[in-house]
Each structure stands twice: as C-alpha cells, then as structure tokens.
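I set out to look up how the ligands are held in this entry. My notes are kept in the order of the look-ups.

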Amino acid sequence: MEIKVVKQILEWNEDCSNEIKDTFEKKNIYMINVMGSPGAGKTSLIVNLINELRKYYKIAVIEGDIAGQIDAEKIKKMDIPVVQLNTDGACHIEAMSIKHILQYFNLDEIDVIIVENIGNLVCPAEFNIGEDIRVAILSIPEGDDKVEKYPLMFSTSEILVLNKYDMKSYFDFDDKKVESVARELNPNINIFRVSNKTKEGLNELVNALKNAIDKKIKK
Amino acid sequence: MHELSITEGIIKIVESEAKKHHFNKVNSIKLVVGELSGVFPQLIQEYFNIASRGTIAEGAELIIRRVEARMKCNECGNESIIERHRLRCKNCGSLNVRITAGKEFYVDSLEVD
Ligand SMILES: Nc1nc2c(ncn2[C@@H]2O[C@H](COP(=O)(O)OP(=O)(O)OP(=O)(O)O)[C@@H](O)[C@H]2O)c(=O)[nH]1
Ligand SMILES: [Mg+2]
Ligand SMILES: [Zn+2]
Ligand SMILES: [Zn+2]
C-alpha cells in the first residue's frame, strides 16, 4: 500500500526557528547569525561589533563551538551576557539548541543577540535558527574561490564580510571576482571589506547593521 | 552528524504516519531532494540504515528523486535551469530572477505493508 505523505524533512527546524522568531518579535530582539570557516575572524568581528553596537543597544551573545569555552570567555570579559553552546561534535547549530538556551538570558534586557555559528562553510547555512540577518565571513587567506565552492552559505546571507583585508597584499585574492560571483548567487548581498585588526571598513558594516536593527526594533 | 539529523527527521515522519495508518513494515520511502537543498543523497541510505535500527522504518529502501533547480526571469519571463547556483538570466542577463524549483526536501510517500 502506498501512503502519500508530503512532509518537509527539516520541518521541525523550520517550526522551531519560527517559534524563536515569534518570541523575538514579542520581546523586541534582533538576532544576527555570524557564519564562516574556522579562524575566519568570527569572534574578532563580534568583539569589534559589540564595542560599537553596545553604545546603542543591549547586546547578548551565543557562542557556538564543538567544544570548549574559549570564545565565550572572551565575550564574558567584556561584561556582556554570553552562553556557550557546545554541540558535542555537530557541525552546525540547529534552532532547537537556540530555543533551549534562551532560558539562560533575561530577554527583557536584550536588544540584539549575536550568534557565533560553528566554524564551517557548509551546513550551518542549511539551518535557520530564528535569525533576522545572516553575516557570512570570508577571510582573505582562505582564497577567492570559496564563494564558488560553497555557494549555499553565500547565497543565503544578506551580508558578506571580506575579513583580514589588511593582508590583501600578501595573497592573490581577486576581490572583484568574489564580488561578481557573490552577486550572481545572491543579487542583493551587501559586501564589506573589513580588517578586524586595523578596524578598516568596520564603520560601514556597523552602520548597515544599525539601519537593519532600527528597522525592526522599537526603542 | 548532519546526515544523522536528517535521517532522524525521516524516521520521525515515518513514525508519525505509523500512528495514523497502523502499518507493520515500510518497504520503501520516496524522498524528493532539490539541487539547492544542500543535501547530498549519496550517504543518506547508509546513515538511515544505522539510525532506523529498532524502529518501524528499519529495512526500508530510500528512493530519491532529484529535482533540478529552475528559475524564471522577472524581466523577460525566460525560464531555465540554474547551473552552479548562478542566478543570472540566460536570455537577457538580468539578475532579477526568482527560483521556481530546487529547494525541495521532503518525504513524498511510503510503500508499506
Ligand atoms: N591580520 C588579521 N588577523 C585577523 C583579523 N581578524 C581576525 N584575525 C586573527 O585571526 C585569528 C582567528 O580569529 P578568530 O576571531 O578567533 O576566528 P573565528 O572565526 O572566531 O575562529 P573559530 O571560532 O575558531 O572558528 C586570530 O588570530 C585573529 O587575531 C583581521 O582582520 N586581520
Ligand atoms: Mg570564534
Ligand atoms: Zn552540520
Ligand atoms: Zn531575462
């Protein structure tokens, strides 16, 4: 006997992601999902973003890592509420994990939650986690072919940060090519050239995020 | 790890159908997987065999139908397949296109006894 089913396989993740979205809508919270390879500069960028955005918003951070507390400790030192989410080997964060972790925050005291996803260019892109915006980081030393090789990440992100721009002269990194490939995958992508070391380019990114945040949350 | 959460998702769907329809054995499960879903079907069967042990889905064969990615141009109306995720109209070159197929990832039907 044949039974017709037609059910989305990742439906539970979508449902859960929508539930988080509803909660954040009510609580007036904006969520930023930061994704990129191991070592691309996710934590460095988040630290720099906190320093700017905390002038305007109450920030909290969820640090995703397969193991360890290293990144969370860096954020804690800045006196920012942070919870480390260890995935015990899993290569991405799912919405369910975010939902479970929200109880550790006082949501009435938060305007913006920044999530550092697992260092991985592949499957974090397949899982919505209730975010309002996706920021993909590609650092210059990783090479200018990564957008081409990992299209899903870049076709689902609103913002692409080309990080470690201070190192551009040491690498054959064709940023025009990256830009044109990224635009073909994702015509509306916003691209920023940033150094989290010299802070070059950071202002433009902060302003773009501020505009996006202010569109959603009422202060 | 990621394949595991997918196979668990498939098993959950089969189990919830089993509650409704009272079958004892699942011979095959038809999946529809779009090219833009990010899922690579080659390994799913093997993970499934492991994850389904002891469940009602144990022993089922996965039959996977791939759906090619397609787009339609908002400027000239041209329809074509999407190659390598490239969203540029093949007729007029516009980037103003919408994806019409390729994101599917669902259980279509079960063959049961
Ligand atoms: N030169 C230079 N170095 C940078 C820049 N951004 C980050 N780094 C360095 O790159 C290394 C990795 O940075 P992290 O911020 O830890 O990277 P991450 O993406 O959080 O890494 P994981 O959490 O391990 O995946 C550190 O040594 C940073 O100091 C940059 O813009 N320029
Ligand atoms: Mg980090
Ligand atoms: Zn994964
Ligand atoms: Zn066209």
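The entries below cover a metal site and then a ligand shell.

**Entry on the zinc site.** I note at the outset that this is a predicted model. I looked up the protein donors of the zinc ion (ligand 3) and found A:Cys91 (SG), A:His92 (ND1) and A:Cys123 (SG), at 1.9 to 2.3 Å from the ion. Along the chain, these donors follow the spacing C-H-x30-C. I then located two of them: A:His92 sits in the loop between strand 4 (82-86) and helix 4 (95-101) of chain A, and A:Cys123 in the loop between strand 5 (112-116) and strand 6 (133-139) of chain A. The pair is 31 residues apart and links distant parts of the chain.

I checked A:His92, which counts as buried because its relative accessibility is 3%, the cut-off being under 20%. A:Cys123 has a relative accessible area of 4% and is therefore buried.

**Entry on ligand 1.** I counted 17 residues around ligand 1, and the closest are A:Lys42, A:Thr43, A:Ser44, A:Asp166 and A:Asn196. Helix 2 (residues 42-53) of chain A supplies the largest share of this shell, three residues. By class, the shell divides into three nonpolar, eight polar and six charged residues.

**Entry on polar contacts.** I looked for side-chain polar atoms facing oxygen atoms of ligand 1. A:Thr43 places one at 2.8 Å, A:Glu116 at 2.9 Å and A:Asn163 at 3.1 Å. On its own, ligand 1 has 650 Å² of accessible area, of which the protein covers 70%.

Technical notes. Residues are numbered from 1 along each chain as its sequence is written. Chains are lettered from A and ligands numbered from 1 in the order in which they are written. This is a predicted model: local features need pLDDT of at least 70, side-chain atom pairs count only at pLDDT 80 or more; totals for chains, interfaces and linings use all residues. Side-chain values use heavy atoms; hydrogens and water are left out. Donors are N, O and S atoms within 2.8 Å of the metal (3.2 Å for Na, K and Ca); water is not among the atoms, so sites may look incomplete. Helices (H or I, at least four residues) and strands (E, at least two) are DSSP runs, numbered from the N terminus. Buried means under 20% relative accessible area, exposed over 50%, partly exposed in between (1.4 Å probe, protein chains only). A residue is near a molecule or strand if one of its heavy atoms lies within 4 Å of it. A polar contact is a pair of N or O atoms within 3.5 Å; within protein, one must be able to donate a hydrogen and the other to accept it, and residues adjacent in sequence count only if both atoms are side-chain atoms. Accessible areas come from the Shrake-Rupley method with a 1.4 Å probe; for residues, only the protein chains shown count as cover. Ala, Val, Leu, Ile, Met, Phe, Trp, Tyr, Cys and Pro count as nonpolar, Asp, Glu, Lys and Arg as charged, and the others, Gly among them, as polar.
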